[in-house]
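Subject: Structure handover

Hello,

Here is the structure for you to take over. My notes on what turned up follow below it.

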Amino acid sequence: MRYATLITLTARSVAADCPEGQDYTAQIAALVAQMQVAPDERAARALSGQMWEIWLDAPDALAQGMLQEGVALLRMGDTNASRAALTELIDYCPEYAEGYNQRAFAAFLSGDFEGALIDLDRAIVL
C-alpha cells in the first residue's frame, strides 16, 4: 500500500498525460470470430485468455500499476481499497474501459449493484 500513495500522488500530478491506449479492435474481432467456431471449451478458454491479456493492457506503466494494485486488492477481498485504487486509475485514464470494468466488479462484490451498472455502462460505451 505504500506504493499506492505514490501512484496516487503521481497520477494526480499527470492526469492530463494518460496516453491513448493501443487500438485492439481488429485483434478482439478476430478472437471473437475464432471463439464462435471454437471446436471445444478448451479452445474457447484459450481465446478468452488472449482477450483478457488485451483488456488488461493499460495505456502506460503508471496505469498498469494502478490496475494491478486495484485487481490485487480485489483478490485480497478489500473491495473498498480496490475501488479507491481503480477510481484513481479512472481519474488518470478516463478512456480506459478496463478501469471501469474492474471497478464495476469491485462494486458488485461489495453489494453496490447500482454503482456496478453505472461503471459497466461506461465500460461498454468505451
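Predicted model: local features only at pLDDT ≥ 70, side-chain atom pairs only at ≥ 80, totals over all residues.

The whole structure holds 2 aromatic pairs. Trp52 and Trp55 make one of them, and the geometry is edge-to-face. Their ring centres are 5.1 Å apart, with 90° between the planes.

Glu41 and Arg45 are both exposed.

**Salt bridges between segments**

The search of the whole structure gives 4 salt bridges. Two more of them are worth a look.

Asp112 pairs with Arg83, and their closest N and O atoms are 2.7 Å apart. Asp112 lies in the loop between H6 and H7, while Arg83 is in helix H5, so the contact ties together parts that are 29 residues apart in sequence. Asp112 counts as partly exposed, at 28% relative accessibility. Arg83 is partly exposed as well, with a relative accessible area of 22%.

Glu95 meets Arg122 at 3.3 Å, N to O. Here the loop between H5 and H6 supplies Glu95 and helix H7 supplies Arg122, so this pair links parts 27 residues apart in sequence. Glu95 counts as exposed, at 58% relative accessibility. Arg122 is partly exposed, at 29%.

**Disulfide**

How many disulfides does a search of the whole structure find? The count is 1. It joins Cys18 to Cys93, with an S to S distance of 1.9 Å. The link is right-handed, with 100° about the S-S bond. Cys18 is in the loop between helix H1 (2-13) and H2, and Cys93 is in the loop between helix H5 (79-92) and H6, so the bond ties together parts that are 75 residues apart in sequence. Is Cys93 buried or exposed? Cys93 counts as buried, at 2% relative accessibility. The cut-off for buried is under 20% relative accessible area.

**Largest pocket**

The largest pocket has about 650 Å³ of space. Its lining comprises 25 residues. Glu95, Tyr96, Ala97, Glu98 and Leu126 lie nearest the pocket centre.

Which helices each supply at least two residues of the lining? They are helix H2 (25-36), helix H3 (41-55), helix H6 (97-109) and helix H7 (113-125). By residue class, the lining divides into 16 nonpolar, 4 polar and 5 charged.

Val32 is in helix H2. Its relative accessible area is 34%, so Val32 is partly exposed. The C-alpha atoms of Val32 and Met51 are separated by 8.7 Å, and the two residues are 19 apart along the chain.

Over to you.

Definitions and conventions. Residues numbered from 1 in each chain as written. Heavy atoms only, no water. 1 Å grid on protein atoms, 1.4 Å probe; cavity = no way out; pocket = protein on both sides within 12 Å on 5 of 7 lines; lining within 4 Å. Points joined across faces, edges and corners; volume = space filled by probe spheres on them. Helix = DSSP H or I, 4+ residues; strand = E, 2+ residues; numbered from the N terminus. Nonpolar A, V, L, I, M, F, W, Y, C, P; charged D, E, K, R; others polar. Buried < 20%, exposed > 50% of the residue type's maximum accessible area, 1.4 Å probe, protein only. Phe/Tyr/Trp six-rings, centres within 6.5 Å; stacked < 30°, edge-to-face > 60°. Disulfide = S-S within 2.5 Å. Salt bridge = Lys/Arg side-chain N within 4 Å of Asp/Glu carboxyl O.
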